[in-house]
Amino acid sequence: MSSIGVLLTFVVVSLATGGAPAASRTTNCEVSRTVSDRPPDDPSAGTFASPGGTWYANADRTLWAWWWGRRYNGEYKVLWVRPRGKEVRVVGERLDGRPAILRQTFPPNSGATFTPSSLAFPGPGCWRVSATSGTAEVEFVVAIP
């Protein structure tokens with residue numbers, strides 16, 4: 001499947017399954033704010049315009065995470081825009097409960113500046129997601145209901 005086909009499938013399924021993380025019943029979870037700007041478009045993807053400002057980004061805007069929401073299987077979709085040719089590595093840490101391991105799934109690197117992923121949180125709560133790609137780093141906190 002082409003990069004555009006992968007992205008379009010990602011968009012269509014994501015729109016049907018939810019958007020940015022909602023506030024959870026966890027009272028002490030300070031979720032990260034999304035940014036109002038967006039990454040530069042990639043010719044392989046068209047545009048990265050996002051309704052509702054669902055992008056997280058590092059300060060120098062070299063690593064971006066587009067939080068798409070919960071999928072039918074309980075996992076969460078995240079589209080990463082990263083330095084070209086670099087892999088994304090993700091670690092999740094539960095902040096309000098027993099330690100648990102975040103699982104992630106990435107397709108093979110396409111060479112484009114973007115890659116979709118699926119994050120599986122093993123339980124509800126307040127989670128810090130930390131990602132690196134090359135020397136770029138981004139971190140954000142989400143509430144998983």
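Predicted model: local features only at pLDDT ≥ 70, side-chain atom pairs only at ≥ 80, totals over all residues.

Reader: Which residues touch the most other members of the largest nonpolar core?

Author: The largest nonpolar core has 20 residues, and those touching the most other members are Trp67, Trp80, Val90, Phe121, Val129, Phe140 and Val142. Strands β2, β3, β7 and β8 each contribute at least two residues to this core. The largest share comes from β8, with five residues.

Reader: And what does the second core include?

Author: The second core is separate and has twelve residues, including Val35, Ala57, Trp66 and Leu79. As background, nonpolar side chains in soluble globular proteins tend to be buried together.

Reader: Let us stay with Phe140. Which residues does Phe140 touch, leaving aside those up to four places away in sequence?

Author: Phe140 touches Ser32, Tyr56, Ala65, Trp67, Trp80, Trp127, Arg128 and Val129. The relative accessible area of Phe140 is 1%, so this residue is buried.

Reader: Some of those are aromatic. How many aromatic pairs are there?

Author: The count comes to ten aromatic pairs. In one of them, Trp67 and Phe121 are tilted, at 6.2 Å centre to centre with 50 degrees between the planes. This pair links distant parts of the chain: Trp67 belongs to strand β2 (residues 64-70), Phe121 to the loop between β6 and β7 (125-133), and the two are 54 residues apart.

Reader: Are Trp67 and Phe121 buried or exposed?

Author: Trp67 is buried, at 2% relative accessibility. Phe121 is buried as well, at 11%.

Reader: What about the rings of Trp80 and Phe140: how far apart are their centres?

Author: Their centres are 6.4 Å apart, and the planes stand at 40 degrees, so Trp80 and Phe140 also make a tilted pair. Because Trp80 sits in strand β3 (residues 76-81) and Phe140 in strand β8 (residues 136-144), the pair ties together parts that are 60 residues apart in sequence. Trp80 is buried, with 0% relative accessibility.

Reader: Which residues form the aromatic cluster?

Author: One cluster is formed by Tyr56, Trp67, Tyr76, Trp80, Phe121, Trp127 and Phe140.

Reader: Changing topic to cysteines: how many disulfides are there?

Author: There is one disulfide. Cys29 is joined to Cys126, with an S to S distance of 2.2 Å. The link is right-handed, with 75 degrees about the S-S bond.

Reader: What does the side chain of Ser118 make a polar contact with?

Author: The partner is the side chain of Arg71, at 3.2 Å. Beyond four places in sequence, the residues that Ser118 touches are Arg71, Glu75, Tyr76, Arg103, Gln104 and Thr105. Ser118 and Val78 are 40 residues apart in sequence, yet their C-alpha atoms are 6.3 Å apart in space.

Reader: Stepping back, how many helices and strands does the chain have?

Author: The chain has one helix and eight strands, in the order α-β-β-β-β-β-β-β-β along the sequence. Of its 145 residues, 41% count as buried. Among contacts with a separation of 6 or more, 59% are between residues 24 or more positions apart.

Reader: Finally, where does pLDDT stay under 50?

Author: That stretch is residues 1-26, for which the model has 44 contacts beyond four places in sequence. Over the chain, the mean pLDDT is 80, and 77% of the residues reach 70 or more.

Conventions
Residues numbered from 1 in each chain as written. Heavy atoms only, no water. Polar contact = N/O pair within 3.5 Å; in protein donor to acceptor, adjacent residues only side chain to side chain. Contact = heavy atoms within 4.5 Å. pLDDT = per-residue confidence, 0-100. Phe/Tyr/Trp six-rings, centres within 6.5 Å; stacked < 30°, edge-to-face > 60°. Helix = DSSP H or I, 4+ residues; strand = E, 2+ residues; numbered from the N terminus. Buried < 20%, exposed > 50% of the residue type's maximum accessible area, 1.4 Å probe, protein only. Disulfide = S-S within 2.5 Å. Core = buried A, V, L, I, M, F, W, Y, C linked by side-chain atoms within 4.5 Å.
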